Amino acid sequence: MDEYDVSRVTCRQAFALLAQNGYIQRFRGIGTVVAYEKISEEMNQVISLTEEMKKHNIVMHTTFCQMDLISPDTRVAVTLGILKTDQCYRLVRVRDVDGKPLVYTVTYLKKIVDLPTDPTMYTESLYRFVNEKYGICIARGTDTLEAALPNEEVQKMLQISSGSPIFIRTRKTYLKNDEIFEYSFCYYPGNRYKYSVEL
């Protein structure tokens, strides 16, 4: 109202038209937000998010990447089938599309081989990298999907508010011998992403 010197009624009419045409969304108790066109991921096999986005001619950029060799907590150790005294890799990344975060991922990898901790090695497809450099081939995987509200860490990484819904995908991938290799958590802003499964 102040910037364009218009009345409250005019503003309400403008917002109603924007909502009607799908440019904004209104949420009770949250407010009005820009409605981005959702990126749809259709999964019928285990491929990396990088490869999936390329199928849709969408270019992702890695804006944050950190790779460390860590001592796992109990949940990670149990899932990867290792001892808490063993070590595993933790890869943390933020991937952007059109200058806005699309996904924040925390990936735990079993220490099958010695992987580099140089983050520049992981700005593209993780699956392609470990396959081409170390012969690690992902044979199958399972995804668990859920909706939630973001904690402070996710809010910071995705640049969203505490009331913004998120989509969480928990993935486990396995090698040909059925040995688990990956345990990862992917956090997506709910207004930018949807997920389809072929049955």
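Is D178 buried, exposed or partly exposed, and what is its relative accessible area? D178 is partly exposed, at 48%. The legends below come back to this residue; the model they describe is a predicted one.

**Figure 1. The whole protein, for orientation.** Before zooming in, here is the overall picture. The protein has 199 residues, and 41% of them count as buried. Its secondary structure consists of 5 helices and 10 strands. Of the contacts between residues at least 6 apart in sequence, 57% join residues at least 24 apart. The accessible surface is about 11800 Å², with 49% of it belonging to carbon and sulfur atoms.

**Figure 2. R140 with its two partners, Y174 and D178.** The charged end of R140 sits over the ring of Y174, at 4.1 Å from the ring centre. R140 also forms a salt bridge with D178, with an N to O distance of 3.0 Å.

**Figure 3. The salt bridge between D143 and R171.** Here the closest N and O atoms are 2.8 Å apart. The pair joins strand β7, which holds D143, to strand β8, which holds R171, across 28 residues. D143 is partly exposed at 28% relative accessible area. R171 has a relative accessibility of 4%; buried means under 20%, so R171 counts as buried.

**Figure 4. The salt bridge between D114 and K111.** The structure has 4 salt bridges, and this one brings N and O atoms to 2.6 Å at their closest. D114 is exposed, with a relative accessible area of 57%, whereas K111 is partly exposed at 35%.

Figure 5. The structure contains 6 aromatic pairs. One of them is Y108 with Y183, a tilted pair with 6.5 Å from centre to centre and 35° between the planes. Y108 sits in strand β6 (residues 100-110) and Y183 in strand β9 (residues 180-189), so the pair links parts of the chain 75 residues apart. Both Y108 and Y183 are buried. Together with F185, these two tyrosines form one aromatic cluster.

**Figure 6. The edge-to-face pair of F129 and Y134.** The ring centres of F129 and Y134 are 6.0 Å apart, and because their planes meet at 70°, the pair is edge-to-face. F129 is buried, at 10% relative accessibility, while Y134 is partly exposed, with a relative accessible area of 32%.

Technical notes: Residues numbered from 1 in each chain as written. Predicted model: local features only at pLDDT ≥ 70, side-chain atom pairs only at ≥ 80, totals over all residues. Heavy atoms only, no water. Helix = DSSP H or I, 4+ residues; strand = E, 2+ residues; numbered from the N terminus. Buried < 20%, exposed > 50% of the residue type's maximum accessible area, 1.4 Å probe, protein only. Contact = heavy atoms within 4.5 Å. Areas by Shrake-Rupley, 256 points an atom, 1.4 Å probe, with all protein chains shown as cover. Phe/Tyr/Trp six-rings, centres within 6.5 Å; stacked < 30°, edge-to-face > 60°. Lys NZ or Arg CZ within 6 Å of the ring centre and 35° of its normal. Salt bridge = Lys/Arg side-chain N within 4 Å of Asp/Glu carboxyl O.
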